[in-house]
Amino acid sequence: MSDIQNKDWLLEQNRVNRVVKEIDKKINELKSNRKKVTSDVLEIRKTFWEDVTVNLDEPDDVIETAASIKQQAELLSERERTDHQLVKQLKTLERLKYSPYFGRIDFLEEGESTTEQVYLGIASFIDEKNEDFLIYDWRAPISNLYYDYSPGHAEYQTPEGKISGEIQLKRQFIIKSSEIQGMFDTGVTIGDEMLQEVLGNNASTQMKNIVATIQREQNAIIRNENSRLLIVQGVAGSGKTSAALQRVAYLLYRYRGSLKSENILLFSPNPLFNSYVATVLPELGEENMQQSTFQEYLSLRLGREFDIEDPFRQMEYLLNSVEDTDYRVRVNGIRFKASLEYKNLIDEYAQQLSESGLIFKDITFRGNVLISKNEIYDYFYQLEHHYSIPNRMQLVQEWLRKELKKWVKRERSRSWVEDEIQYLEKEDYLEAYKMLQKKERFTENTFDDFEREQKYLAELVVKEKFKPLFAMVKSLRFVNMKQVYLQFLEKERKNLPNEWNQISKMTIEQIKENVIPYEDAVPFVYLQDLIKGRKSNTAIRHIFIDEAQDYTPFQFSYIQSLFPYSKMTLLGDFNQAIFSGVTGADTVLSNFAFKKSDVETFVLTKTYRSTKEIVEFTRELIEYGKNIEPFNRSGKKPEVILTDHQSLDGLTIDKVRELKNSGHQTIAIICRTEEESKQVFHSLKQKMPMNFIDKGTTNYEKGVSVIPSYLAKGIEFDAVILYDSSLYTSESERKLFYTVCTRAMHELTLFATNGCSPLMKGINASTYEVVHRM
Ligand SMILES: Nc1ncnc2c1ncn2[C@@H]1O[C@H](COP(=O)(O)OP(=O)(O)OP(=O)(O)O)[C@@H](O)[C@H]1O
């Protein structure tokens, strides 16, 4: 390091020390504030009832008491909110103390004579006198300069307009425990050096934030505010998920008055991914958005009555049952049911149902039909036909409720009720007694006490027994959705795929067994919504869909209808469309689905995850892979080890040891299917500790993990071993093969027991090494 560099380093470290000192002061100040607030909270809790005037004698007194309780509760919740805020601020300050900032730009604004030094960190921090920003939040308008420009002319937007000027210096820091550990003055892009440093580290079992090194093209995605639908098509490892999460943080900052983390929902591919990304926002001082898998949503809607196949079970079928006689039929079915054409058919069917054809269930009680399905049918169709089906359902619901109430009255005097009364609990008798006493105060009733009590108890018994019927009416379960969908499948129609008869026959068999194939889950729930109606969700204002390539046009259109007021960000990669790769079905990323004007599309072609060597190999595997641009980080070429079945386990263990010895901490042994993963795990775990990951796994640990191919998407590992790459034989598995290979950050090994996978045929042989080991 030169003397000048040394001097700069020293000056910067002095500034860090100064800022840290101020942060410390602020921490102490907030801590003492907090002491006061927590003691207030404790005090209010302790004396809550002492400070409330309770008097229930007269109606006016009751009102006054309620007001007094409300006032006290409000005081308590205000104090609790302040405490929560203070805890949040303290956590952010502790983080700032550890690493106050990561970047600096010196900016000379046009028309000004002094250059401003702008230091960027995860949150803003102002000096004691509330005058100068010692740290700017990375999301502040001025911070844009850091991400979008290299030294020279630069400009940024503020609410007041555009500000132009010149960046005179752009510097990056790695600061840990308040000590500068790295410092780089950067030129063209945001510090290759800094990125080298970050990307060269070990993979983590939890995703990290990227705020220090966000690239310009990612920044555009993160800060986009205009489009209702933003689509990011980005190659594997291009930072789509990262951009999505930093975008959540950005939106929470930009709209902090009106947007809260509970207004944002991220659909992620599986529970493991949910937990993988769960630490990014808290690291940035924000609360996590809501997270769910689409499957969770479907289970919530249909899971009570049906066994819904999940996408992983569907994938297992697709990978394992190619020899099945019905395989082609099922694949054709999946393809057709993914389409908007199929959705249109359901719309047409619902139109017809508006005139006739709905199927209902009898409402029965103790083996007797109280209200028959035909009566319900007649009632429904005598209602005005111009009312929508869901509106008519509400009227039917009201009518049924009234009818059931009549039945409750009739049933009270039946002999079974008397029998049931004998089995009542002591508490019920006591309750009845109290009820009657209470009523006595207001009436002049002279009925015999015993008789009155019996009548009350009879009502209690009947109402209890009728509860499920009222619940059935409330949730509109008197509509026989299963039969309605089956009737749809059985209907003769024109313009259907050639094999529709077989497709529908196969589906009918499943649904009769109360199993809903994954491809039918959204069509089913969509039809159900057209009939029963559904309240759209207004609380969610922004939806993120990661791995969007795995959603069909039908599914996406359905999600749009669920959240009509939400903006959406879709992130995906058509080269990783592993489900549609196998079936040939359209995905939401197929262009035709979006033609509207409020859609903006971003394309990311630069990839950051893997070494240059791994990218040079993996991009050969896909069409147009040449467009993928690796980040300039070097490592070993991927290695293909040709071997046989007997040697495979031993060689895998040797390889894992070797990888561990080179310092790799997360190592994945990726198998093609779950079955294969189970076998491999079973035989290898005797030889070294390892984890097994299946679709229910919510966390992944450091060390060695055995994982089925389709669950590895979205996450990354220091080193990846494909247990037997010879098994990826079919062209339809190309995307799956590409996806698993792109999970590796530093090393990729492909074992092959039956020669190189045919999917590697024709690729540039200089991109990988081949060795023979038996
Ligand atoms: N600007 C950046 N600075 C530092 N690291 C980055 C940056 N962009 C991406 N990365 C890193 O690259 C890796 C891949 O990022 P991410 O998982 O977000 O990509 P992706 O496009 O969602 O990948 P895939 O589609 O393959 O799952 C992560 O380790 C991430 O931290």
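In which strand does Gly234 lie? I found Gly234 in strand 8, residues 229-234, where strands are DSSP runs of E with at least two residues, helices are runs of H or I with at least four, and both are numbered from the N terminus.

Before going further I noted that this is a predicted model, in which local features need pLDDT of at least 70, side-chain atom pairs count only at pLDDT 80 or more, and totals for chains, interfaces and linings use all residues. Residues are numbered from 1 along each chain as its sequence is written.

**Entry: confidence and overall extent**

I looked up the pLDDT, the predictor's confidence in each residue from 0 to 100, and found a mean of 90 for the protein, with 96% of its residues reaching 70 or more. The model scores ipTM 0.99 and pTM 0.88. I reminded myself that where pLDDT is low, the predicted coordinates should not be read in detail. The protein has 26 helices and 26 strands, and its C-alpha trace spans about 105 × 75 × 55 Å along the principal axes.

I then returned to Gly234, which counts as buried because it has 22 C-beta neighbours inside 10 Å. Setting aside residues up to four places away in sequence, I listed Lys240, Leu571, Asp573 and Leu604 as the residues that Gly234 touches, a contact being two C-beta atoms, placed from the backbone, within 7 Å. Val235 belongs to the loop between strand 8 and helix 6, and Val235 is buried too, because 28 C-beta neighbours lie inside 10 Å. With neighbours within four places again left aside, the contacts of Val235 include Asp573, Asn575, Leu604 and Ile628.

The UniProt record, an unreviewed entry, places a "binding site" feature at Gly234, Val235, Ala236, Gly237, Ser238, Gly239, Lys240 and Thr241; such annotations may be inferred rather than shown by experiment, feature names are shortened, and positions follow the numbering used here.

**Entry: the ligand shell**

Which residues come nearest to the ligand? Of the 24 residues around the ligand, I noted Thr213, Ala236, Gly239, Lys240 and Ser242 as the nearest, a residue being near if its C-beta atom, placed from the backbone, lies within 6 Å. Helix 4 (192-199) and helix 6 (240-254) are the elements that give two or more residues to this shell.

**Entry: strands**

Strand 1 (residues 103-109) and strand 2 (residues 116-121) run antiparallel and are joined by five bridges, pairing being defined as at least two DSSP bridges between two strands. Ile105 stands opposite Val118 there, and the two strands form a hairpin with six residues between them, in whose turn Gly111 has a positive phi of about 85°. Strand 2 also pairs with strand 4 (residues 133-137), in the parallel sense and over two bridges, with Gly121 and Asp137 as bridge partners.

Elsewhere I traced an open sheet of seven strands, parallel in its pairing and ordered 22-23-21-24-25-20-26. Strand 22 (691-692) and strand 26 (769-772) are its edges, each pairing on one side only. Strand 20 (residues 639-642) runs parallel to strand 26 over four bridges, and Val640 stands opposite Val770.

Technical notes: A residue is buried if 20 or more other C-beta atoms lie within 10 Å of its own, exposed if 12 or fewer, and partly exposed in between; C-beta atoms are placed from the backbone.
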